[in-house]
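The following paragraphs lead through a structure step by step. Please keep the sequence and the coordinates at hand while reading.

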Amino acid sequence: MSNQRQASSASQVPHLSPAELSYLYTSLSLPKNPIRPDGRSPTQFRPLSAETNILPGTNGSARIGFADGTQAIVGVKASVEKTILAADTLDSRSLAQHGDALNREGEEGSAAVSGQGEWVQMSIEIPGYRDDDALPVFLGEMMRESLVGSVAGGSEEVKEMAGGLKGRLVINKRWHWRLYIDVLLLSQPLAYPLPLLSLTTHLALLSTKLPKLKSTGEEDPFFDDDWAVAEYLYPRSNKQSSPSDAPTYPVRPPVTLLVIAVGENVIFDPNREEIAVADAVLAISITRSSDSENMKLLSIRSIDPPSRLTQPGIPNSENVNMLGGPPASSNQSGGQEEVGGVWRPRRGGVQRSVITRMIKTVLQKGGVGEEVIQGLEGVKVE
Amino acid sequence: MAITILAPVVENAAPYNADSDDSLSVASDEDVEMTGTSRPHKRQRLQGESNIATGIVTPGEVVTDDPQWMRGHGTYTTPLSTSIIATVAGTVLKTNKLLSVTPMRARYIPEIGDLVVGRIVEVQSRRWKVDVAAPLLAQLPLSAINLPGGILRRRTTADELQIRTFFSEGDLVIAEVQSVHQDGSASLHTRTLKYGKLRNGVFLAVSGTGGSGASSSSVKGGRGTKSVAGSSLAAPGGSGTGGVVRSRRQVWTVSGANGGGDIQIILGVNGYIHISKLADGAEAASSATENVSITRLEEMASSSIYSSQNEDISAKTRREIARLAQCIRVLVQNGVRVDEETVMKAYDASQEVDLEIGDEEDEDDEWRQEGREYLEGAKAQQILQYVMR
Amino acid sequence: MADRRRINGPPAGTRPPVYASLKESKTGVSERTLRQRQPTELRKFYLKTGMIPTASGSSYLEFAPSAALAAARSNPKSLIPPSSALKVACTVHGPKPLPRSVPFSPNLLLTTHVKFAPFAARKRKGHVRDTTERDLGVHLETALRGAIIAERWPKSGLDITLTIVEAEDDRWWGDAPDSHDASWGMLNVLAGCITAASAAIADAHIDCLDLVSGGVAALVSDDASTAPRLVLDVDPAEHRSIQSACVVAYMPARDEITELWLKGDSSRAALEKSDGRTGHEALIDGAVDAARGANTILTDAVRESIARSFAQV
């Protein structure tokens, strides 16, 4: 039982020897210029290939693959559902009044009914994990949280997105869209799969279309059955100069990046070995806010660094096999002091300054967050 | 740029089309070709021409029905007929009158005398279980290791009790296959001074001789794996034979460029590779081999054989180790066999590619300088071309 | 995750009715209990260890209802129930030997179970742990693992079980469902769980680097016109909307954070001009301050339990 939980917790511990861990840690924590095992620079991502709209049966879909063969497919499906408005208001007469009250309260007017977070459903399928294991649940919550939480701030130009994704799903007071986001990882993850899944979901949502609404106001919704006039879930700006240009999005879905800190260094898109020696692992969700060009922080979650569970190395001075004699008094606390080249499992937490630096590297102008969003903008979404 | 996103590449998009020479009609009669003629056509040819299928056979395909042949690995016979039928997809190998099918991609099958790199996965009372990328875990008995102290002595219960002080879970060992059991599992030994615990470097798992990349690896096995010794290099991108092959030297020392110092490369036959800084004492020990008595040697080696403490490794050495690891990854991902020759060629090529790029780009741009060792994409192709030359 | 082995009734079956006509009354909409505390003032809470004699360590934590809430309880003007206050019981079992099936571990293996009592929240919880409970469990594990010195107890396991008797509300009950766009109450629950679990671990005499405690800070806006302001130890029922909130697990002696969970948009925080911090930095600092406050009570509770056991001798 606890073995299974171990494997399913957010941290996956690869079996690495203390000597390897020590080598990795010291390489990655070299001041200013860490040496990653695959030679990347600290902010460099593994190259990936991406395509969208690959599944005709979905409202939107995307696939992203790494060179090592890890692939993720995301399909987005939408269905119309009746809104259970304020389940605690029983009287149907007062239901209308209640709606009016909300109308008066919310100055925006048209977006009278705000969306509900539970209209977005997300499920993650990872081979080798049950869908109620901790890892898929944790990943799903993490991605859903930033998705429904991203409220576009003060963007008058896109009134559809006034309430964020949730607001977009409202059809009228009595009907709404329910969005099913199904994430499929095609192979057992070779690294913590969060960035892959998040990027794929991002692209799938960008390609998602909803049928054009023909009904107006509070009547029961009916839709244009011409798929060609369907509208994008994330509206595109009309300011496009020529059709060949990549479309611009006033509002973009969030992207969750995995960032680790090793020593003084902040490292992006870590592979499994790199996570194994990290001092701190953070999942940072960002998006580009519509009103400014700055990156906007949506959520941060710390992830349990697996380095806490690793096996410590034994310094030569304490190694009984190197002394040749009887074992030295096995002093449990003797391993407190750091010996160069000997692995010690990380203990304790992170300094606030380290967290601040990690966030800053993501958010700063021209930083990694901006580059990732730009990179994703370059993907042609049909 | 932090992130590179590429358009998907369609690999080998041309549909299989046996004998259509009219390229315009491909799309129209493709289905007919696939279902109607291609397979029976192939069978016909096999039986008609030489009696033995050549090239690639698939499971269930009759290799030959000539009774003079004996059946080998990868085939089976039915009592009712004399035909030999393939059980794996691969190429037909004839050894005198023995017919066997060597699969294109399979697990590592241990053979006596193989030098392997393994990872301890379980500690039992008198032995270790070692992952060597084979179908079954190999075992390393306590009696098959050199005990410290320099003297050859009997194993005591004290040794059994402190078995974890020799090797513990996760430790990497270099060992030799001492015997292979009936069920295909191997027994290892480390009773030579060059065997023991590995440290000072990085581990990577690629496909080995008849081996596939292991689950814990960051590099998955390339396209083909089982390599026939002496086979020529495959074309890059083609379905060649990648992975480590059995060769004369599995362990050698490279003098790293850019002040990298001496780097030791261990290519385990099973596809597990360890690249490390050459241990300080190792040079002296090897040079002294001739004139030191055996007992003396034991003493020298035992000082580091079970150590899990890394030496001081300079940043330059680390860089070159990372570069070598990348070179091997490039080779494997493109289906090129990995041995001393190809690794050294790729390593030289990577230096050369770097120099070329260095000329083109502004040297002062520090951002560019970083991440130079990352060898995927265009650099990989350049390196491959050089290796192929 | 839905229970697939049984057929359960509808999950939302046991909501108490709230009469809409009353909500529309004069006393209705303005009935929200507003925060009486200073922005930096924390709620009082009760923490005691050793409540459960059969466990190796245990603790019970209860938040004091805020003053406004207490007033509302004594003199109910509306049928809308006042907000609840967190009540958590924590038990620690272990260190105990790992079962045979588990491979060798050089460290103490931590297992955390967070379970809401079926009646803990307004919406009834099933007996099978759902996603939020599992999610909280992962967060809690992260927070505690950083504080425990795991290699002192090789080959052993530690089970930490938290039962949430009463959970914090996500919003004021009179608000429309999901008008607060996230489950903000979860953050308070997590902070309480961290503090309670830390006390129970200390009670079980497991080696720790420091007593780790949880703290919450949030950016709230009580009316739409003003920019959100920073408050510590937020009670979601007391505010019209919460922009962003953050929970940390903090070890004061080492000035280190073992767990950080921040959500929401923190970019428009109203900070003083002289304050050079960005919104999220201010949030994290605020949460750390809240955790420092909780730590004083935590330390006292642990001290008290030791004193009690001395008195018995």
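The buried residues of helix H2 of chain A pack against elements of two chains: in chain A, strand E8 (255–262), strand E9 (265–268) and helix H7 (272–276), and in chain B, strand E12 (172–180), strand E15 (201–205) and helix H5 (315–333). This is a predicted model, in which local features need pLDDT of at least 70 and side-chain atom pairs count only at pLDDT 80 or more, while totals for chains, interfaces and linings use all residues. Residues are numbered from 1 along each chain as its sequence is written, and chains are lettered from A and ligands numbered from 1 in the order in which they are written. Helices (H or I, at least four residues) and strands (E, at least two) are DSSP runs, numbered from the N terminus. Packing rests on contacts, and two residues are in contact if their C-beta atoms, placed from the backbone, lie within 7 Å.

A residue is called buried if 20 or more other C-beta atoms lie within 10 Å of its own, exposed if 12 or fewer, and partly exposed in between, with C-beta atoms placed from the backbone. Among the buried residues of H2(A) are Pro18(A), Glu20(A), Tyr23(A), Tyr25(A) and Leu28(A). Chain A as a whole has 10 helices and 11 strands, and buried residues make up 53% of its 382 residues. Of the contacts in chain A between residues at least 6 apart in sequence, 67% join residues at least 24 apart.

Strands pair if DSSP finds at least two bridges between them. E12(B) pairs in the antiparallel sense with strand E9 (residues 115–123) of chain B over five bridges, and within this pairing Ala175(B) is the bridge partner of Val116(B). E9(B) also pairs in the antiparallel sense with strand E10 (residues 127–131) of chain B, over four bridges. These two strands, E9(B) and E10(B), form a hairpin with three residues between them, and Glu122(B) stands opposite Lys129(B). In the loop between E10(B) and strand E11 (138–141) of chain B lies Ala133(B). Its phi is near 65°, a positive value in a residue other than glycine. Most residues other than glycine have a negative phi, and most peptide bonds are trans. Ala133(B) has 31 C-beta neighbours inside 10 Å and therefore counts as buried.

Strand E15(B), another partner of H2(A), belongs to an open sheet of four strands in the order E15-E19-E18-E17 (chain B), with antiparallel pairing. E15 and strand E17 (251–256) of chain B are the edge strands, each pairing on one side only. From one strand to the next the twist averages 20°. Helix H5(B) packs on this sheet, touching E15, E17, strand E18 (261–267) and E19 of chain B, and its direction makes about 30° with that of E18(B). For such angles, axes are lines fitted to C-alpha atoms, for helices over the stretch in contact, and angles run from 0 to 180 degrees between N-to-C directions. Five bridges join E15(B) to strand E19 (residues 272–277) of chain B, and Leu204(B) has Ile273(B) as its bridge partner.

Chain C contains an open sheet of five strands in the order E1-E2-E3-E5-E4, with mixed pairing. Strand E1 (45–49) and strand E4 (109–116) of chain C stand at the edges with a single partner strand each, so one side of each is left without a neighbour in the sheet. Neighbouring strands are turned by 15° against each other on average, direction ignored. Helix H3 (residues 131–145) of chain C packs on the sheet, touching E4 and E5 of chain C, and its direction makes about 140° with that of E4(C).

Within this sheet, nine bridges join strand E3 (residues 87–97) of chain C to E5(C), and the two strands run antiparallel. Pro95(C) is found in E3(C), and the peptide bond from Gly94(C) to Pro95(C) is cis, with omega near 0°. Asp159(C) lies in E5(C), residues 156–166. The C-alpha atoms of Asp159(C) and Pro95(C) are separated by 8.0 Å, although the residues are 64 apart along the chain.
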